[in-house]
Amino acid sequence: MSKAFSIPQRQSAIGILLIFTSTLYKFVRGFWAALAYFVFKRPDGEALLYISLGVFVLFILIAIYSYVDYRKFLFHIDYEAEEFILKKGVFNSDFVSIPFDKIQQVNFKRGILQRIAGVYSLVIDTAGSKQKEVEIKAVNTEEANQLADILNRLKDGKLTDAETSEGVIDPELTTESAPEEKWTYRLSLATLIKTGLSSNFFRGFGLIFVFISTIFNELNQFFKEETSQWESQFTESVGGIATSSIFLISTFVILLLVLSIFITTAEVFIKYFNLKLTQTKSSLDLQMGLRTNTRVSLKPIRVQILKIITNPIQRRLNLYKAGLWVASSEESNNKNVIQVPGLEKETVQHIKSFLYQSAETESGTTFKPHWVELSRRLIIGAIPVVITAVLQYFTHFIEFGWWVLVTSIYVLLYAIFQFRIYNSMYLRIGEVFITKSYAGWDETIEIVEIYKLQGITVKQPLWYKSRNLVHIVFHNAAGDITFRAVDKAILEKINYCLYSIERTNKAWM
Amino acid sequence: MDSVETPFSNNTIDIATLPDFEQLALQPVRKNLLTKHLLQTGVWFLLVIAFGVFMYSQEEILIGSLISGSLLLFLMFLVFDFIKKQPRYGYAIREKDLIYKRGFLVSKTTVVSFNRIQHVSINRSVFDKWLNLSTLKIFTAGGSGSDVKISGLEPQIAEKLKEALAGKIANEDV
């Protein structure tokens, strides 16, 4: 038994077909435009012959590629080195080895083709980006079960506290009988509506924009003739508006604003309806949602970054949003943050004390960005002004007076915004935590425990050398925290952070 | 913080005496790496020139020369950057972490602790095989930002490093 999978072996032969279809799919996806062109153009005679010949050759090439890929794809378990080993690659040769204890999960996946062929795709997950997971496309049911079973046992056997992968930190807690509720927070209907109304409307704006443009596109495609007529009418009237009536434009803007407030509120309502947050002895349980009921149970160790967000209006209403960022692979971006809006300050403190055993924000050394950071932000903001100025000069796409009006409003708002961000931005490195804070419209505080960092990058552009400035990037399993243009004196603290990461034996996940 | 929960809050640490990663002598990579980069850029040069000739034959001289001209300028900048970058590649392995420095216009130094490495792999492209080079990839859970890719290593050294790192990873986890 212990020798199972110890000899390098190939996947099930049906894998050739699976590789073939997935490669073909990639080709089609890459060249769909060309394909569509040929389909619509309906080539005839000689051209058709050449095209079908080309497609035929392509098929053969892909088939050969699939076969070679299949032949080169070898995996086995090295019991002595305690690693899962995979060799693959047609042109390059890749050699991947995953130590047993780095395996996070062994999953089965099954597409339609795999279902028909009676095989499974076995995915070995190690937290991190896409390249870090290994997928064996075709393994028959029996072997898949066996392999998953062996890998699961190997990875657990290696871990002294087998529960670590599930996120239980304190073994004592698991021995405790029933999960006891410590406190519960329910989001009332009134608070939910308040939260919705005081949320950031930019998202609402974006949604409307996407919605309108999608509809416009659809209309364009299906009623080409009708729209052209309608369009000419529309442009006529819009042109009329643009030159004459400010009144109509402002009505339009207000209408848009009301609509976006409405949409944002509705979104908040649907997403967070009936939100209930409960702290048990070892986890934070969250339930919410009108349409799809979300249930999450979080152990403190899984939370990588805590973000506390509010804005001037919400702060006055005592409303805060907590974002709990957990580790996940890069593709499933939307899944790795759990947002809990509509919290009172007190509840935020509850969450903090649950996650970090203390509600207090510790002191530490505070760093501010150098003023070149502000000038960089202002220069970036000036780019659209310059571009529109050039366009206006050459094409007169908008009347000069209008341009001055719009530009000065934009410049004013942008400058105020950037000054506010620059003034409020700081990074604090304490003994246990790194805290980054900044405020544009939203006021955000990001908190990460130093021992949960994965690595640190120090960047120095050539032109910052004389000023002795560096950018610092703290890499965390839930994302990076970047702090720009800070004095090199911070490196002492970076050495301290590295020291903290390296001396700890605590599991970070 | 609750002092019971933090194992090191009792001892004062003199931060100034902590080892400084900036003061480290770094190992250079092989000179062949520049050859590899130049060969890669060379392939692009040929493609751009071929495109230019094609546009010329199609009598689209203005657009053709504009596009291929700007592409050539960009490639020339790349060559300049590769040449300047070459001596700046460096890596070092300390007792508990790995340091990799690279970059000319923006110099980047990444430090990854052994107890955060997920796995290590060696990758060899066609150019690598010709020039007898290896690329060592070190993956962490911190996403592409903290993944380290050291290219231009001698294959034997890459293999040795991989073994050494695998050993360190195993030790760190006990």
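Domain bounds here come from an automatic or database domain assignment. The model on screen is predicted.

**Stop 1: the two domains of chain B**

Colour residues 32–85 of chain B as domain 1 and residues 88–173 as domain 2, which is how the assignment divides the chain. Taken over C-alpha atoms, the centres of domain 1 and domain 2 of chain B are separated by 30 Å. Where they touch, domain 1 of chain B contributes 9 residues and domain 2 of chain B contributes 13 residues.

Now select the two helices α1 (32–57) and α2 (61–85) of chain B; each gives at least two residues to the side of domain 1 that touches domain 2. The largest share of that side, 6 residues, belongs to α1(B). Sorted by class, the side of domain 1 of chain B that touches domain 2 holds 4 charged, 3 polar and 2 nonpolar residues.

**Stop 2: an annotated span in chain B**

Select residues 89–164 of chain B. An unreviewed UniProt entry places the feature "domain: YdbS-like PH" there. By secondary structure, this span of chain B is 51% strand and 21% helix.

**Stop 3: where chain B meets chain A**

Show both chains. Here 45 residues of chain A are in contact with 46 residues of chain B. On the chain B side, highlight β3 (106–113), β4 (117–124), β5 (134–140) and α4 (155–173), the elements that give two or more residues each. Which of these elements gives the most to the side of chain B that touches chain A? That is β3(B), with 8 residues. By class, the chain B side is made up of 18 polar, 17 nonpolar and 11 charged residues.

**Stop 4: strands that pair across the chains**

Next, display the open sheet of 6 strands. Its order is β20(A)-β19(A)-β18(A)-β3(B)-β2(B)-β1(B), and the pairing is antiparallel. Which strands stand at the edges of this sheet? They are β20 (479–487) of chain A and β1 (90–93) of chain B; each has a single partner strand, so one side of each is left without a neighbour in the sheet. Direction ignored, neighbouring strands of the sheet are turned by 15 degrees against each other on average.

At the chain A end, select β19(A), residues 469–476. Its link to β20(A) is antiparallel and consists of 7 bridges. Within this pair, Phe474(A) stands opposite Ile481(A) in β20(A).

**Stop 5: chain A and Val303(A)**

Of its 509 residues, 25% count as buried. Among contacts in chain A between residues at least 6 apart in sequence, 59% join residues at least 24 apart.

Finally, centre on Val303(A) in strand β11 of chain A, residues 303–310. Is Val303(A) buried or exposed? Val303(A) counts as buried because it has 27 C-beta neighbours inside 10 Å, and the cut-off for a buried residue is 20 or more. Leaving out residues up to four places away in sequence, Val303(A) touches Leu298(A), Leu324(A), Trp325(A), Val326(A) and Leu355(A). One of these, Leu324(A), is 21 residues from Val303(A) along the chain, and their C-alpha atoms are 6.0 Å apart.

How values were computed:
Residues are numbered from 1 along each chain as its sequence is written. Chains are lettered from A and ligands numbered from 1 in the order in which they are written. This is a predicted model: local features need pLDDT of at least 70, side-chain atom pairs count only at pLDDT 80 or more; totals for chains, interfaces and linings use all residues. UniProt positions are given in the numbering used here, feature names are shortened, and annotations may be inferred rather than shown by experiment. Helices (H or I, at least four residues) and strands (E, at least two) are DSSP runs, numbered from the N terminus. Two residues are in contact if their C-beta atoms, placed from the backbone, lie within 7 Å. Ala, Val, Leu, Ile, Met, Phe, Trp, Tyr, Cys and Pro count as nonpolar, Asp, Glu, Lys and Arg as charged, and the others, Gly among them, as polar. A residue is buried if 20 or more other C-beta atoms lie within 10 Å of its own, exposed if 12 or fewer, and partly exposed in between; C-beta atoms are placed from the backbone. Two strands pair if DSSP finds at least two bridges between them. Axes are lines fitted to C-alpha atoms, for helices over the stretch in contact, and angles run from 0 to 180 degrees between N-to-C directions.
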